[in-house]
Amino acid sequence: MKKSLFIIMMGLITFTGCQQKQFREVYPKGEVKLQAQMTQQSVLFGDSVSFNVTIDETQTPLSTLQIKIVVGTNVIASDVVRTKDKHYENTFKYAVPFGPNMPEGEPIKVLLTATNVEGTEANLILSDCKGQRPAIETMYLMPPTINYKLLGKGIQMQKISDNEFAAYDLQLPKSFQFLLACVGTKFGRVDYTKPVFGWDATQSTYLLTKEDIALIQADAEAANNYAIHIEDDIYESIDTVIFNTLSFEVTYGGKVATPIEALDVNTDLEENPAYITSSGVRAAYRGAKIYFEKDKVFTLTGVTSVADAINKDWMELVDGNQVKFLGETGMYYVSYKIAEDYLVVEPMYELTLAADDILWVCGVGFGQPSAHPTITSGWGFDSPDQNLVCRTVAPGVYQFTAYIDNKDAQDEAHPGYGTVNFKYFGQHGWGEELTSLDYTVQAPLVSSEEESNVGNWWMNSTPLEGIIRFTLDMNNHTTTWEKL
């Protein structure tokens, strides 16, 4: 019985196998004839290339056409097209983006493979179309947006070889960003009608496409998404940037970072520091860009009293004239106000896009917490006299220390308010302002709802004088203070 069942099963398997084979028609091996021709002899990199293809068979139906377009080491396109019957013809058009390592006159190779249903192939390579590079005679380091102040209105690079442009003597910080544009404008805006280079998602330099430019023109801030970034902790500052228009490689160099070990306000800080915008204020300060390392102790000299001269938020007295830096490692503006014998420490405020962990305070009724303080005269960001910078002491927690002398403002239009009135900003120069209406504040602070002062941190008329440390906590939405 078992033997009979085995014979029956084997018969069924044999029958089923025969049935499956009968579903596929077997064709002759066949002979695929492939013809193709480029429609142009040259094309500008960044434009499109087109070609005609004709495929014929006499015995066997066609199956697929594989297309690969190569320029130098760059695979521009790879495609598989379904072909039917025994005759196929079509005209194809593919974009040839301007990419790295694409020299003048480089052949644009089109690799074609036509296959019939039995797997017989015909291969053809078209290479009689040459690529032409866009003419690039000038290059600029441009700010991505007009709000990015570090590069001013743009920096023109020098052409140092057929394919290289360089910018020297930059004195830029270790971290900044830019677009590479062939045309600069006097207003610091990028001209997108000419080639502009930025970064793609893999942080590789490439030529911005028409689609990219359309997004940027719809929202100017979107240009930040395409900006090339230089950020290197081994440098104190960047003084050279070189761009190779053949390899698309960006290289840079600068002063290797050496954290300061000693600071003398008379020899290390210059008179009339140029970074202070207000020319009328510069004479009151000595200043320079100084590279600090977090928690590193340095020697401070040239001041009357180290304890009174050190910045109350960014520095801590260790012993004698030994001072510890509390901020993150990096470059800072250090401004010594001569009359007040006090150091003002500020991050590189041109890096507005890197201000996520920094807040600025602007307003009236306060001053630097020096031994001989001067109250701010008005709102503004033109000098260290007009604003204070907060240090991040914990995630979402910001601290600034100021001398205040709050009195009754005796303002008939705003009865019950004092002379201290300020606001927090996420960038230096009015941008990304916070509102006190989102916070619970410690008296005598008031969350102002006054029409012309909505969202300000204002004090009521209760007198309060001395050196005060303010803490804004974004986590629990509070603003508190303590007297030092």
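Modeller: In this predicted model, the side chains of Glu261 and Lys296 meet in a salt bridge, with 3.8 Å from N to O. Glu261 belongs to the loop between strand S20 (250-256) and strand S21 (262-264), and Lys296 to the loop between strand S23 (285-292) and strand S24 (297-301), so this pair ties together parts that are 35 residues apart in sequence. Glu261 is exposed, its relative accessible area being 55%, whereas Lys296 is partly exposed at 23%.

The loop between S23 and S24 also holds Lys294, which forms a salt bridge with Glu328; their closest N and O atoms are 3.6 Å apart. Glu328 sits in the loop between strand S26 (322-325) and strand S27 (330-337), and this pair links distant parts of the chain, 34 residues apart. Glu328 is exposed, with a relative accessible area of 52%, while Lys294 is partly exposed at 33%.

A further salt bridge joins Asp313 to Arg469, with the closest N and O atoms 3.8 Å apart. Asp313 lies in the loop between helix H4 (306-309) and strand S25 (315-319), and Arg469 in strand S38 (residues 464-473), so the pair ties together parts that are 156 residues apart in sequence. Asp313 counts as buried because its relative accessibility of 4% is under 20%. Arg469, at 17% relative accessibility, counts as buried too.

Finally, Lys337, Glu340 and Asp385 are linked in a network of salt bridges. The count for the model comes to nine salt bridges.

Terms used: Residues numbered from 1 in each chain as written. Predicted model: local features only at pLDDT ≥ 70, side-chain atom pairs only at ≥ 80, totals over all residues. Heavy atoms only, no water. Salt bridge = Lys/Arg side-chain N within 4 Å of Asp/Glu carboxyl O. Helix = DSSP H or I, 4+ residues; strand = E, 2+ residues; numbered from the N terminus. Buried < 20%, exposed > 50% of the residue type's maximum accessible area, 1.4 Å probe, protein only.
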